[in-house]
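Got the sequence and the 3D view open? Let's take a walk through them together, one piece at a time.

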Amino acid sequence: AILVEGNNLDNALLSSAGTLTTNVTSTGGGCTIPLPPYAKSATCSIADFQEDGSFSLEPLDGGATHVVTISQQTLHGIWESITETQPVTLTGAVRSAVRVDALRYGLAKGLAGLSR
């Protein structure tokens, strides 16, 4: 995972280790929300999310590691389950911009398979 606060990518943090446990239970209520571009179909329900975990975040510039701990808690929200996906077309300009940003911020290893 990558954490970026605001628009300042110079302060981005990369998750290097840890666990996050999530249990989702539908509460039975339905909902309707827009689909993300990659989804052809989905179901939506109101749900309870039980969360807990701990993980390390490291600055991309090699600074001190930060440990984040999430105590066990239950959050109420919307669960959208994607039942079918569809291709998403990216233009050359978008792929190039993503590649330049990835190289600039040291993520090239993780995106080595990204074509020009």
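We'll start with the overall layout, then visit the sheet, the disulfide and a few single residues.

First, some ground rules: this is a predicted model, where local features need pLDDT of at least 70 and side-chain atom pairs count only at pLDDT 80 or more, while totals for chains, interfaces and linings use all residues. Residues are numbered from 1 along each chain as its sequence is written, and side-chain values use heavy atoms, with hydrogens and water left out.

So what is the protein built from? It has one helix and four strands; here helices (H or I, at least four residues) and strands (E, at least two) are DSSP runs, numbered from the N terminus. Follow the sequence and you'll read the pattern β-β-β-β-α. Of the 116 residues, 14% are buried, where buried means under 20% relative accessible area, exposed means over 50%, and partly exposed is in between (1.4 Å probe, protein chains only). The accessible surface comes to about 8,300 Å², and carbon and sulfur atoms hold 54% of that. Those areas come from the Shrake-Rupley method with a 1.4 Å probe, and for residues only the protein chains shown count as cover.

Now look at contacts, meaning heavy atoms within 4.5 Å. Take the contacts in the protein with a separation of 6 or more: 61% of them are between residues 24 or more positions apart.

The four strands make an open sheet in the order 1-2-3-4, with antiparallel pairing. Strand 1 and strand 4 are the edge strands, as each pairs on one side only. To count as a pair, two strands need at least two bridges found by DSSP. Strand 1 and strand 2 pair in the antiparallel sense over two bridges, and L3 has L13 in strand 2 as its bridge partner.

Strand 1 covers residues 2-3, and I2 is in it.

Next comes the disulfide. A disulfide is a covalent bond between the sulfur atoms of two cysteines; the cut-off used here is a pair of cysteine sulfur atoms within 2.5 Å. The whole structure has one, and it joins C31 to C44, with 1.8 Å from S to S. The link is left-handed, with -95 degrees about the S-S bond. Because C31 lies in the loop between strand 2 (13-30) and strand 3 (39-59) while C44 lies in strand 3, the pair ties together parts that are 13 residues apart in sequence. C31 counts as partly exposed at 22% relative accessibility, whereas C44 counts as buried at 17%.

Is S45 buried or exposed? S45, found in strand 3, is buried, with a relative accessible area of 15%. Leaving out residues up to four places away in sequence, S45 touches S26, G29, G30, C31, G77, I78 and W79.

Finally, find T69 in strand 4 (residues 66-85). T69 is exposed, because its relative accessible area is 57%. Leaving out residues up to four places away in sequence, T69 touches G53 and S54. G18 is 51 residues from T69 along the chain, and their C-alpha atoms are separated by 9.6 Å.
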